[in-house]
Amino acid sequence: MSNDETPSGGGNARAREIASRCWKVGTEAMSKENWDYAVQMFGQCCTVVPDNLVYRQTLRNCEFRKYKNNKSGASMAGMRLMGIRSKVKKARNAKNWKELLEAAEEGLAVNPWDAQLNADLGEGARSLGYDEIAVFGYRLAVDAEGKNKEYLEGLANALQTKGDFDGARKCWETMYKLDPLDGRARSMMTAMDSEKIIDRSGLDTAKSGKEVAQGYEKSVRGNVNTGADNVSPGDSPEIDLKQAIRKDPSNPANYQKLGDLLRREDRLPEAMAMFLKAHEISGDTVVREQAEDVQLSMIRKNRDLAREVSKKNPDDAQAKEQADALEVELRKQEIETYSRWSERRPSDLKLKYELAERYMRDGKFPLATKLLQQASSDPRLEGPVAFNLAKCFLQQKQNSLALRQFEKAVVKFNANESPKQFVDCHYFLGRLYQEAKDLEKAEAHFAEVIQVDYEFRDARQRLEKIQEERGGANTMGDLSDM
């Protein structure tokens, strides 16, 4: 780009005209290595056209040159930044993102390598919809402090917004390497792989959370051409709650209510952010569980979308692999999350049952057995608990115990309301009695199976063999092939 060529950007015509003049003067000052004046001019460009990435990049490069790349900025920068950091904090608390952006730039003029101020710039830009500036700010923050998980997450979110799922995944991968126990980072790595496949396939035509939010607010405000710029209280629950948060940002209840509203509208990332903010303020474990539940819903949604992509593209091995990976990741996250919840709520027998089901899918049958035995005292779960206990005992080669549980379970299901459990119970009872040489009972159970599903597994063949060889010996196969 030549010195006379002004970078394009947003803003009105007057702002662009001012920026154009400042750009020309700034580039001339830069060519003469007059860094103070160049910084002043390019800073003015950023003020009047704040969404222009080239202005920010050029400004930062001039600041680097001004301080001879010393990585620390002006002398006694720490003391000089104290007042500016107070401005940043005040702007953030007031959610005045324009002031936050300007305060961050004021501080970066003192130390352009300051990680927190670059992250503040990224936060303000992202909140204003300046996605390229957000990535720029967070990337400089990560360059300065590569092990700061807060900065890495900010960069990941900014890259995801721009559709750079590979870049976002790398950030989450770095966070996971820093903390291998960070289940959320692991799940987000998989989620970014899924988002990439979905984006490539064109399946997910839904707008981003930010676009949905903007569209929603526009719809409740009315068409701007009609002059309906304001919303009366009660017209929009979302806007009412946002106004309540602005008036009292320390009240966690409003964040929680907004999270509930956003979740009902399937705006899950936004809902999760509200619940996390409510938990940050209140420390309430119930709110934390709401955030964790939304996170699981996000993974389930990605899993379902990945399945649909795989179904539409049966020859795409990568799509199938990604769908399978998301299934595994969901199960791991559910086990981790339900385990924490169960520790906090030991009397919640339904939760123990749900956790046991996940352990079964993960092949951890002894753990599932213990939980199912605890959940068996809930009369509402008697049938499902007995059914799953029987399957666990089969997998552990404890056939006599399995038979007892199937006998308990079979009377709890009927062919109309629970055909799968009904058929499974009778089938395995048939095999267990066949192994025990009680062919009369085995025949009766296999007969129940084929009355509902004539082609179910090998039930018909077994029944025919028993009828032909009534009273003869029969060798059973492995009963664990459920």
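1. Start with His445, which sits in helix α23 (residues 439–452); helices here are DSSP runs of H or I with at least four residues, numbered from the N terminus. His445 is buried at a relative accessible area of 12%, where buried means under 20%, exposed over 50% and partly exposed in between, using a 1.4 Å probe and protein chains only. Setting aside neighbours within four places in sequence, His445 is in contact with Glu407, His426, Leu429, Gly430 and Tyr433 (contact: heavy atoms within 4.5 Å).

2. Some ground rules: this is a predicted model, with local features needing pLDDT of at least 70 and side-chain atom pairs counted only at pLDDT 80 or more, while totals for chains, interfaces and linings use all residues. Residues are numbered from 1 along each chain as its sequence is written, and side-chain values use heavy atoms, leaving out hydrogens and water.

3. Helix α8 (residues 131–144) checks out on length: its 14 residues should span 20 Å at 1.5 Å a residue, and the end C-alpha atoms are 20 Å apart. The expected span is 1.5 Å times one less than the number of residues. Among the buried residues of α8 are Ile133, Phe136, Tyr138 and Leu140. The buried residues of this helix pack against α3 (53–66), α7 (115–128) and α9 (149–161).

4. On to charges: there are 50 salt bridges in the structure, each a side-chain nitrogen of Lys or Arg within 4 Å of a carboxyl oxygen of Asp or Glu. Glu105 pairs with Arg60, with the closest N and O atoms 2.9 Å apart. That pair links distant parts of the chain, Glu105 being in helix α6 (residues 97–108) and Arg60 in helix α3, 45 residues apart. Both Glu105 and Arg60 are buried.

5. Arg331 also forms a salt bridge, with Asp362, at 3.2 Å between the closest N and O atoms. Here Arg331 lies in helix α17 (residues 317–344) and Asp362 in the loop between α18 (349–361) and α19 (365–375), 31 residues apart. Arg331 counts as buried at 16% relative accessibility, whereas Asp362 is partly exposed at 28%.

6. Why are Arg361 and Glu357 separated by about one helical turn? Because they are 4 residues apart in helix α18. An α-helix has 3.6 residues a turn, so residues three or four places apart point the same way. Arg361 is partly exposed at 48% relative accessibility, and Glu357 is partly exposed at 22%.

Technical notes. Helix = DSSP H or I, 4+ residues; strand = E, 2+ residues; numbered from the N terminus.
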